[in-house]
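Please keep the sequence and the model in view while reading.

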Amino acid sequence: MHGHAVRWGSICLTVPNRYASIGTFDFSLAESAGSRFIFAEKNDDTVGAMVVVQIEHMTSGNDIYRYRLRPGIEVAGVALKTNVFAASNALAELQSPNSESALTTRFIRAKNFRQPDQWLTVRYATYDAAGKNEFLVFYREPLDTDTLDLGTIGPSDLPGFAEAFDAVGARARSIVRFLRCT
């Protein structure tokens, strides 16, 4: 990380300047540890869309990253798994109070920023050949709870979420642009 420029191996990413740096925090979980770099569009004290860069490593000799890297994209010979999901900050804090997501919510709150509870998130993830180091980038934007709400989701809402996932994926591709480092 250097300012808004990120490099991981042969992959480079520049976070657009309209996403101000909120800061960085380190985390330590049972099997891994790392750092999260938070960039956000802000309106006074409210956080809107965010780009979160996470670099972590396994802390145990027995654990490795070994998830499938497809479906995804390939940049400079590196496969990045992509997926889209909706999540609630409040639910994440209840279910996994020490997760990276819950820690991010508390970090942003400690910086005196307000944020929505529900998010649409596009996740890009990869790891090194040894499976010991992982690189993740998250594009997050507030879920329009007037249209879709995780608190009241039912089977009839699934097409709406599918549309929302496609739309946020397209927006993420225009903002999170991975390139081969030169």
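The paragraphs below turn to strand pairing, then to a disulfide.

The model is a predicted one. On one side, strand 4 pairs with strand 3 (residues 20-28) in an antiparallel arrangement, and eight bridges join the two. Two residues lie between the strands in the hairpin of strand 4 and strand 5, where Asp44 adopts a positive phi near 55°.

Ile38 shows how strand 4 is placed in this pairing. Gly23 stands opposite Ile38 of strand 4, while Val52 is the bridge partner of Ile38 in strand 5.

Which residues does the disulfide join? The structure holds one disulfide, and its partners are Cys12 and Cys181, with an S to S distance of 1.9 Å. Cys12 belongs to strand 2 (residues 11-14), whereas Cys181 lies in the segment after strand 10 (178-180), so the link ties together parts that are 169 residues apart in sequence. The link of Cys12 and Cys181 is right-handed, with 110° about the S-S bond.

Are the two cysteines buried or exposed? Residues under 20% relative accessible area count as buried. Cys181, at 12%, is therefore buried, whereas Cys12, at 22% relative accessibility, counts as partly exposed.

Terms used: Residues are numbered from 1 along each chain as its sequence is written. This is a predicted model: local features need pLDDT of at least 70, side-chain atom pairs count only at pLDDT 80 or more; totals for chains, interfaces and linings use all residues. Side-chain values use heavy atoms; hydrogens and water are left out. Two strands pair if DSSP finds at least two bridges between them. Helices (H or I, at least four residues) and strands (E, at least two) are DSSP runs, numbered from the N terminus. A disulfide is a pair of cysteine sulfur atoms within 2.5 Å. Buried means under 20% relative accessible area, exposed over 50%, partly exposed in between (1.4 Å probe, protein chains only).
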